[in-house]
Amino acid sequence: KHPQIYGYIAAMGFCVALMISWFTPLLFSANMTVLDVGQGQSILLQSGGKTILVDCGGDDDERTADIVAQALLSQGISYIDAVIITHCDTDHIGGLPYLLKRVDAGAVFLPHVEEIPSSLISENVILTTEDCRLSYGDTRISIFGSYSMDSPNETGLCVLFESERCVILITGDRGSLGERLLMKRTELPKVDILVAGHHGSAESTSEALLQKVKPDI
């Protein structure tokens, strides 16, 4: 009998849902979103209104970029404060050039490579050999630099995300050797979340690392 009223209610419901999706990341000290990109890795870390993207690669480069862009734009986010690429294989970086056509980004941290992909050459790219740290309010992000080794996997970057209530460790494609070198280089804390190394490879996420960081998840 009152189609206009139902239309208004539906519109209001949509607006409320949209506002919730926008403001949810601001309500928590840390928010982690692991995106389903198939064989690859792409993780959003959000804290204090800041957004950090760790890796952007999957089964299909353009589809991966679409998945990441949709996750961001659905929250009203069109700017990434930092992008950290742990490893330069396509299943970690392939979607990034397409994503950067749709959203803007601050610094882009890459492991030390002999040649930067031409699609990513810009003043924002930082080749990371030394450890560096970013601070956003009460959130600290440590980026552990690459090593001078023959194996590309072991030269990848590692990311330690620390907020008031959550500690997350991402080791990229490093194997047990790279994990040991990381533990030798820095004193790792106990973590709430450990992202399995090298997509769950049997040679990564070693017992030594597990005993050191004792992840809850």
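Guide: Happy to; we can go from the overall layout to single residues. Keep in mind that this is a predicted model.

Visitor: Okay, how many helices and strands are there in the protein?

Guide: The protein has six helices and 11 strands. Its chain holds 217 residues, and 46% of them count as buried.

Visitor: What share of the contacts with a separation of 6 or more comes from residues 24 or more positions apart?

Guide: That share is 57%.

Visitor: Let's talk sheets. What is the strand order in the open sheet of six strands?

Guide: The order is β1-β2-β3-β4-β5-β6, and the pairing is mixed. At the edges are β1 (31–34) and β6, each of which pairs on one side only. On average, neighbouring strands in this sheet are turned by 20° against each other, ignoring direction.

Visitor: Which helix packs on that sheet?

Guide: That is α2, which touches β2 (41–47), β3 and β4. The direction of α2 makes about 165° with that of β3.

Visitor: And β5, is it buried or exposed?

Guide: Strand β5 covers residues 104–111, and six of its eight residues are buried, so the rest of the structure largely encloses it.

Visitor: How does β5 pair with β4?

Guide: Strand β4 (residues 79–84) pairs with β5 in the parallel sense, over five bridges. Ala82 has Ala107 in β5 as its bridge partner, and Val83 has Val108.

Visitor: What about β5 and β6?

Guide: That pairing is parallel too, with four bridges between β5 and β6 (residues 125–128).

Visitor: New topic. How many residues are in the largest nonpolar core?

Guide: It has 24 residues, and Leu53, Ile80, Val83, Leu96 and Leu99 have the most contacts inside it. At least two residues each come from β3 (50–57), α2 (61–73), β4, α4 (96–99) and β5. The largest share is that of α2, with six residues.

Visitor: Which residues is Leu99 in contact with?

Guide: Setting aside its neighbours within four places in sequence, Leu99 is in contact with Leu53, Cys56, Ala65, Val68, Ala69 and Ile80. There is also another core, apart from the largest one, with 19 residues that include Leu45, Val54, Cys166 and Ile193.

Visitor: You mentioned cysteines. How many disulfides are there?

Guide: Zero, from a search of the whole structure. Cys56 is buried, with a relative accessible area of 0%. Cys166 is buried as well, at 16%.

Visitor: Why does 16% count as buried?

Guide: Because the cut-off for buried is under 20% relative accessible area, Cys166 at 16% falls in that class.

Visitor: In what sense do β9 and β10 pair?

Guide: They pair in the antiparallel sense over four bridges, with β10 made up of residues 167–170. The partner of Glu162 in β10 is Val167.

Visitor: Is Glu162 buried or exposed?

Guide: Glu162 counts as buried, at 14% relative accessibility. Glu162 sits in strand β9. Beyond its neighbours within four places in sequence, its contacts are Asp138, Thr139, Arg140, Ser142, Val167 and Pro189.

Visitor: Last one: which residues of helix α5 are buried?

Guide: In α5 (residues 176–185), Gly178, Glu179, Leu182 and Met183 are buried. They span an arc of only 140° around the axis, which puts them on the same side of α5.

Visitor: What do those buried residues pack against?

Guide: The buried residues of α5 pack against β8 (139–144), β9 (158–162) and α6 (207–213).

Technical notes: Residues numbered from 1 in each chain as written. Predicted model: local features only at pLDDT ≥ 70, side-chain atom pairs only at ≥ 80, totals over all residues. Heavy atoms only, no water. Buried < 20%, exposed > 50% of the residue type's maximum accessible area, 1.4 Å probe, protein only. Pairing = 2+ DSSP bridges. Core = buried A, V, L, I, M, F, W, Y, C linked by side-chain atoms within 4.5 Å. Contact = heavy atoms within 4.5 Å. Arc of directions from axis to C-beta. Axes fitted to C-alpha atoms, helices over the stretch in contact; angles between N-to-C directions. Disulfide = S-S within 2.5 Å.
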